[in-house]
Amino acid sequence: MIELFNNHICNFLDQKSGFDGDDIQAIKSKYKTEITDDLSKGHITTNIGLVSGSLLGENPREIAESIKDHLIILKEVDNVEVAGPGFLNIFIKRSYLATTVNASIKLNEKFGHSDMGNGQSIQIEFVSANPTGPLHVGHGRGAAFGDAIGKILQANGYAVSKEYYINDAGRQMDILAASVWLRLHNCFDDKSFPESGYRGKYIIDIADQIDSNLKIASNKIDGLLSNLPEDSEEQIDVLIKLFQKEDKSLWKQIKDTSLKMVLKTIEDDLKDFKVDFDNWYYESSLGSLQDSDSKISSAIDKLKTKGLTYEEKGAIWLNTEKAGDDKNRVLIRDDGRATYFAADLAYHKDKVDRGFDKLINVWGADHHGYIKRIEASLEGLGFSKNKLHVQLVQFANLYQGKQKVKMSTRSGSFYTLKDLIAEIGADAARFYYLSKQADQHLDFDIELAKSQNKENLIFYIQYAHARIASLQSKYLESNRSLPNDLEEIRNGSYTACDKLIHAASKFPGVVERSGETLQPHIIVFYLRDLAQQLHSYYNDNPILKESQENQESILQSLSLVKLVISNGLSLLGIEALEKM
C-alpha cells in the first residue's frame, strides 16, 4: 500500500516541469509516506508538500494541492486532504482496502518482510560470555536481544550471520582449570575454597569427569598448597603456575574437559532459549605472538607498519587517544604476552576480512569504555569505524517477589538462565528481556511473568491470538471453511473492525523501524496496542451473531490481525499460541 502511493508520488515528481533532477532526487530521499496514527486523518499520510516546498523554496501547500490533484483521480483513492503546512492525508476506497487485506494474508509468514537491506551482509556477535560456568539470567537479555535483531534484520532483507566469540585463551580459563584441579583433589571445603576460584557445583561435576588415575599423589598436595599469598588474586595465579608445572598432562586434560563441558552447557541452555549461532569462533584460533603467521601477529604488525604503535617501558602500546579514548592502550605486555585488547583487535580485523558489510557487537553496558579503543584499532587497520555498531545492553535485574536474584558466577550461588527457563518458559523470558529499550535498566518479576491477567503483557498478547483462533474454530462448527477472500468491507462509518485492519497494516512499517533502530521493543509495544484493540473489539461485538456476510468480512479481517500477532511474536523468537 505504501509502495503504491510512493510510486505515484515519484511519477508526479518525474513529470513535473521545472523541477531540477537533483532537486527531485533530494525530495525523494527525504519525504516520508506512512500509515496514519488515526483513521480520521485517512489511511496514509505523506509530508511530500512540506519537504518539496522547503527544498524548492516554494509554497508547500500549493505543491501539496498539485500532488493532490494527481492522486485523487486514482482508482484506489476515495479522497485526499491537504493538511497543515504541506501534508497529504489519503483516504483509500474500501474495495482497495479489502484487496490489501487479502494480499497481506496471502503473504503468510512473509507479511511484514521487506527488501530494505538489499542483501547486505551483517554479522552480529552476542552473548560471548566467558566459558567459565553456566549462563546466568544477566546473560539472557543479551542473548534474547542479539537473536531478535538477527531475525528482524533478516526480515528486512539483510543476510545475517550470528556469532559467539569463545574466550578460551585467557586467564579466566586458567582460573577455571585451577578451580577444577582443587575440587579434583578435595583440597578445600566450601568455606575455605579460594575466593578467586569458581565455586559452583558444576566445578565438582567437571572434576568428576577427569580420569582419577591422573590425580597427583596426596603427599605432594600439602607441599604445593603451603605458603600461599594472602591476596586472593595473587593466590590463584600462584596455584595456576604450580599446577601447570607439576603435571602438564593433567593440566591439559582438566582445561580441555572444563572448556568442553561448560561450552556444552552454554550451547544446551541457549538452544532451550531458542537461540542458535551460525558460527562459534574460538579466541585460540587467532594464534599467538610467537607464530609470525598468526592473525594476532598480522594485526599488530600492520599497526606497527603504519606507525601507530610505540614502545614504552618494554611494552607495546597503541595510540587510541586520537580516536577519543581516555588513554592509550597496551597491546603487548612487558613480559611479551598479548593483552585481551590485542586479541580483540585481531578478531575484529578477521571479521572485516571475512567480507561483512556491517558488524554489530552486542555488549553489556559495562563495556562502554571499550568502544573507542576498538574503533581506533579498526581505523588504524585501514577500516572505517562506521562499519562497526556497538549496541550496549543493560543487565536485567530479576526479582522473585521482593527478593533480588544473585548473578555472580564466581560465588557459585546464582540463578541460571536454565533456572529461569524452567520456571517461566523460554517465551516469557525472551518477551520480558525484550520489553524495554536495550540500553535502559530492566527489572522484571518472575511472579508477574507467570500470572494470567492483562498486567502480564505476554499473556495479554498471546490471549489475543488465541481468542481469534477460538473464534475461527467456533465459526467452523457451522461452516465448511474460513473465509479467504474479502470482496468488500461493509459500508458505513468507520467501525472498530476498520481500526483493527488499519492497525494491522502498520506492521511492515513497525518491522522496518525496529530494524533501522535495532530495537525489538518497538514490536513489543506495537503488539501490546494491537492486542488491546482486539480485546476491546471482541468484548464489544458479538461477532458470531452478525449476518453471514458480516461474519465473513470480520473473520477475514481478524485473520490478518492474527497473522500480524503471529509474525510479530515470531520475530521476537516467541511462539503464538492457538489455545490458552
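Predicted model: local features only at pLDDT ≥ 70, side-chain atom pairs only at ≥ 80, totals over all residues.
Local features need pLDDT of at least 70 and side-chain atom pairs count only at pLDDT 80 or more, while totals for chains, interfaces and linings use all residues. Residues are numbered from 1 along each chain as its sequence is written, and side-chain values use heavy atoms, with hydrogens and water left out.

**View 1. Helices H18 and H22 cross.** The axes of H18 (residues 457-476) and H22 (residues 548-571) come within 9 Å and cross at roughly 145° (axes are lines fitted to C-alpha atoms over the stretch in contact; angles run from 0 to 180 degrees between N-to-C directions; helices are DSSP runs, H or I, of at least four residues, and strands, E, of at least two, numbered from the N terminus). Contacts (heavy atoms within 4.5 Å) involve Ile461, Ile468 and Leu471, among others, in H18, and Leu555, Leu558 and Ile565, among others, in H22. The residues of this contact divide into eleven nonpolar, seven polar and two charged.

**View 2. The largest pocket has a volume of about 1700 Å³.** A pocket is an open set of points on a 1 Å grid over the protein atoms alone, with protein on both sides within 12 Å along at least five of seven lines; lining residues have an atom within 4 Å of a point. A volume is the space filled by probe spheres (1.4 Å probe) set on the points, which are joined across faces, edges and corners. Of the 48 lining residues, Ile2, Thr33, Ile35, Pro508 and Gly509 lie nearest the centre. Helix H5 (94-107) gives the most to the lining, with eight residues.

**View 3. The second largest cavity holds about 40 Å³ of space.** A cavity is a set of grid points where the 1.4 Å probe fits but cannot get out. Among the lining residues are Arg141, Phe145, Tyr433 and His521.

Note on methods. Nonpolar A, V, L, I, M, F, W, Y, C, P; charged D, E, K, R; others polar.
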